[in-house]
Amino acid sequence: MFTHKFGIEVEFTGITREKAAGVAAEYLHGSARYSGGYYEAYEVTAPDGRVWKFMYDGSIRCQKKKNRRTVGAGSSYSVEMVSPILSYYEDIGNIQSLIRRLRKAGGFTNNTCGIHIHLDGGEHTPRSIRNFINLIASRNDLFYKAFQIAPDRMNYCKKMDAYLVEQMNRLKPKTFGQIERIWYEKYCGNRNSHYHQSRYHFLNLHSFFHGHHTVELRGFNSELHAGKVRAYIVFALALNHQALTQKSAFYHKVQAENEKFAMRTYLNRIGFIGGEFKSCREHLYKHLDGNAAWRYGSRENVRSHIGNGGNAHEG
């Protein structure tokens, strides 16, 4: 699942775009320059030729620290770090180290900041796109609680549209053209517009049809915590792999009486297995209720359930 290329966008404030670019240039042993344009961007070119961008984003509430207090700041403190195309094994260490350095330099996030992960769409088929829609729609509530998506970000990260899900499963489109018509059916306006309203969902397919042919996941609050950023990347790659490889995925709303257990078993199923991913699992079910180890919450509840004729298996 780690063979697929991806890119990441991390929004934050606390330092200026110029300073953030300087931090990145120093760490990457690259060169920084102001490229300007609508996004008032700074670009950092690494020795391998890849370019990291630090851009303005109007949705970010700009802040900085002054005398240990958080105060308002000018627009130069709006920072969206846009990575080049990345590979997990080659780049995850650099991503985490760069995140740590940006935090140490004074960067921080607030509830207007998000993380967006773009996944290479080159191997996707109409079947795998339908799988992606159903996998996320079935776990809308579980994912939104797990990721603690802030109310301030809901307009930029909506749940899967019920009408879209219904149409996808009723019509069972077999071509990208059919999927595209369903995706845009409820929207007006120019589909070639970068800021088309259809993009503001947990799963964004506007970038697939009229962007860089990527599947974008927008359901993450921004963090300058290296472990959480890694957990989000692993989750995105694992979910993408499941959509690509599963023969079919049907929509069924997951009812989780024990949210932590439901999330843990799902993560295990999509590849979060073993000690390597222990911290990732813990980050992803930290905010859920229940007990990750026991389906019915505790040993006592398991015994009670068995006594009532229930099934104590975890699956």
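This is a predicted model: local features need pLDDT of at least 70, side-chain atom pairs count only at pLDDT 80 or more; totals for chains, interfaces and linings use all residues.
Local features need pLDDT of at least 70, side-chain atom pairs count only at pLDDT 80 or more, and totals for chains, interfaces and linings use all residues. Residues are numbered from 1 along each chain as its sequence is written, and side-chain values use heavy atoms, leaving out hydrogens and water.

**Confidence**
- The pLDDT is below 50 over residues 302-315. Beyond near neighbours in sequence, this stretch has 16 contacts in the model (heavy atoms within 4.5 Å).

**Nonpolar core**
- The largest nonpolar core has 85 residues. Such a core is a set of buried Ala, Val, Leu, Ile, Met, Phe, Trp, Tyr and Cys residues joined through side-chain atoms within 4.5 Å. Buried means under 20% relative accessible area, exposed over 50%, and partly exposed in between (1.4 Å probe, protein chains only).
- Phe54, Leu217, Ile233, Phe235 and Phe272 have the most contacts inside this core.
- Helix H8 (residues 226-245) gives the largest share of this core, 11 residues. Helices are DSSP runs (H or I, at least four residues), numbered from the N terminus.
- Leaving aside residues up to four places away in sequence, Phe235 touches Phe143, Phe147, Phe220, Tyr266, Leu267, Phe272 and Leu284.

**Cavity**
- There is 1 cavity of 30 Å³ or more. On a 1 Å grid over the protein atoms alone, a cavity is a set of points where a 1.4 Å probe fits but cannot get out; lining residues have an atom within 4 Å of a point.
- The largest cavity has a volume of about 100 Å³. Grid points are joined across faces, edges and corners, and a volume is the space filled by probe spheres set on the points.
- Its lining includes Met160, Asp161, Trp183 and His201.
- Helix H5 (162-171) and helix H6 (176-184) each supply at least two lining residues.

**Leu135**
- Leu135 sits in helix H3 (residues 126-138). Leu135 is buried, at 4% relative accessible area.
- Not counting residues up to four places away in sequence, Leu135 touches Phe143, Leu239, Gln242, Ala243, Gln246 and Ala249.

**Gly271**
- Gly271 lies in the loop between helix H9 (259-269) and helix H10 (278-285). Gly271 is partly exposed, at 22%.
- The C-alpha atoms of Gly271 and Met1 are 8.2 Å apart, across 270 residues along the chain.

Methods
On a 1 Å grid over the protein atoms alone, a cavity is a set of points where a 1.4 Å probe fits but cannot get out, and a pocket is an open set with protein on both sides within 12 Å along at least five of seven lines; lining residues have an atom within 4 Å of a point. pLDDT is the predictor's confidence in each residue, from 0 to 100.
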